[in-house]
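Trainee: I have a model open and would like to go through it with you. Can we start with the overall picture and then look at single residues?

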Amino acid sequence: MATAKFLDGDLMRHVVVMSLSASLGLVSVFLVDFADLYFISLLGEEALAAAVGFAGTLIFFVFSATIGLAIAMGALTAPKIGRGETDDARLVATSVMVFGFVVTFILAFIFWIWAEQLLSILGAEGVTLAYATRYLRIVLPSIPISAIAIMASALLRAHGDARRAMIVTFWSGGVNAVLDPLLIFGVGLGLDGAAYASVAARFAMALAALRAVNRNYDGFATCRFGALLSHLPLIIAIAAPAVLTNIATPLGSGIVTRAVAPFGDAAVAGFAVVSRLTPLFFCVIFALSGAVGPIVGQNFGARKFDRVQGTLTRSLQFVAGYTVIAWVLLLAVHNFASEQFGLTGEGKRVVFWFALVAAPLFFFNGLLFVANAAFNNLKRPIWSTFLNWGRNTIGVLPFVVLGADIGGAPGVLIGQALGGVVFGVLGFFLARRLVSGYAEGRLDPEKGWSFPLMRSRPDPPFSSPRG
């Protein structure tokens, strides 16, 4: 049964509860990712850690597409849940799930075929390339299963059920945490063991998520091809920009990986550690798009624009406070982390300068995440696409090139962080202006998911076609 939970009550409490609960689930996954790299580093071969860094960049690319699909799930179901349209919410949820599985299957298949070539483009070579290719080809077939899990979790959050969405991700983290040391050391599979553990964790998360949705909300309808075709235009209208928005981030990460690669395996290993530290320490900010989206979506569906604007303000305050806490913690533990992973030379310098300079600038990424959540739920998903691609192209490439020339591998990470400042500020400003447009009557909330310079159109109904 569809339930609207964000139409009253304290907004800051909603933002904090949704963000922290979503991040607790994420942190279980990120901790296991972190443990993966740690266990692999204990094998004593620097090329293995570098291989995980290269493979992780490509996995992040495909995984980001699933995040975009999850955003579409929330953006298309939360407003209907806010209006009490239970049957329509179930129908669209089913259609998004089928569409998302097909899209991620195709992406994973393409990346599996071209794995070696794509890793070479990132700068992997020799034994590191061989390790990374093998790891990638074990993990990629499980990506569509992961997509099912993430979309189902997004549907739980659209219902306001942050607790169950969090528990679902604990299943992934728990299974991976148990199997990692068992397969890597106990069975002696090494790098392959870490990959197989990740695959098993994705299946566990998918089963837990689907069970939670069906048991508590009867969240899906029977899949019918005719219904899917009738829903497809609007699904693509929100899912395509959301996917494009999210794959821009791994594109930027790929540019950074390529810029770090010439400084050697030690620098790439340091970057791999940073890539694990970032989501671990900033998991709450990473969770913001999915956590704030349902709050915005339900209140937008109920036409409570003052609460939508208030959600943006509270989110800004929350991001600022959390960034300071994460920065202080990173400064306290960065040296310990480098020692535990056996980093030396350039790798250790990468982690130090990330903690000192790049970490506090993550605040501006948080602003962009909040803005993206607003755009995706306020019928302007294409704005997210343009801002994210801008941030991860012109906001990355010139800055990392200059950073590499001035400061070597650490300069690459600092350049990447500096490039995000303008786009974070611009995104948040546009989000507030968009909400004001709806509140003041300058924009029609009944119009469809269109680019602002194009003619808007009404949303098609989400009813199943007869016959």
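**Chain overview**

Mentor: Of the 467 residues of the protein chain, 59% count as buried. Keep in mind that this is a predicted model.

Trainee: How many helices and strands does the protein chain have?

Mentor: The protein chain has 18 helices and zero strands. Its radius of gyration is 21 Å, close to the 23 Å from the globule rule for 467 residues, so the chain is as compact as a globular protein of that length.

Trainee: What box do the C-alpha atoms fill?

Mentor: Roughly 60 × 45 × 35 Å along the principal axes.

Trainee: Surface next. What share of the accessible surface belongs to carbon and sulfur atoms?

Mentor: 68% of about 18000 Å². There is also a nonpolar surface patch with about 870 Å² of accessible area together, and its members include Phe 101, Phe 105, Ile 106 and Trp 112.

Trainee: Where is Phe 105, and how exposed is its side of things?

Mentor: Phe 105 sits in helix α3, residues 86-113.

Trainee: Switching to Ser 153: buried or exposed?

Mentor: Ser 153 is buried, at 3% relative accessibility. It belongs to helix α6, residues 143-158.

Trainee: What is Ser 153 in contact with, leaving aside neighbours within four places in sequence?

Mentor: Ala 165, Val 168, Met 205 and Ala 209.

Trainee: Last one, helix α8. What span should it have?

Mentor: At 1.5 Å a residue, the 27 residues of α8 (191-217) should span 39 Å, and the end C-alpha atoms are 39 Å apart, which agrees. After α8 comes Asp 218, with a positive phi near 45 degrees.

Terms used
Residues numbered from 1 in each chain as written. Predicted model: local features only at pLDDT ≥ 70, side-chain atom pairs only at ≥ 80, totals over all residues. Heavy atoms only, no water. Helix = DSSP H or I, 4+ residues; strand = E, 2+ residues; numbered from the N terminus. Expected span 1.5 Å × (residues − 1). Patch = residues over 30% accessible without salt bridge, like charges linked within 9 Å, V, L, I, M, F, W, Y side chains within 5 Å. Areas by Shrake-Rupley, 256 points an atom, 1.4 Å probe, with all protein chains shown as cover. Salt bridge = Lys/Arg side-chain N within 4 Å of Asp/Glu carboxyl O. Buried < 20%, exposed > 50% of the residue type's maximum accessible area, 1.4 Å probe, protein only. Contact = heavy atoms within 4.5 Å. Rg over C-alpha atoms; globule rule 2.2 N^0.38 Å.
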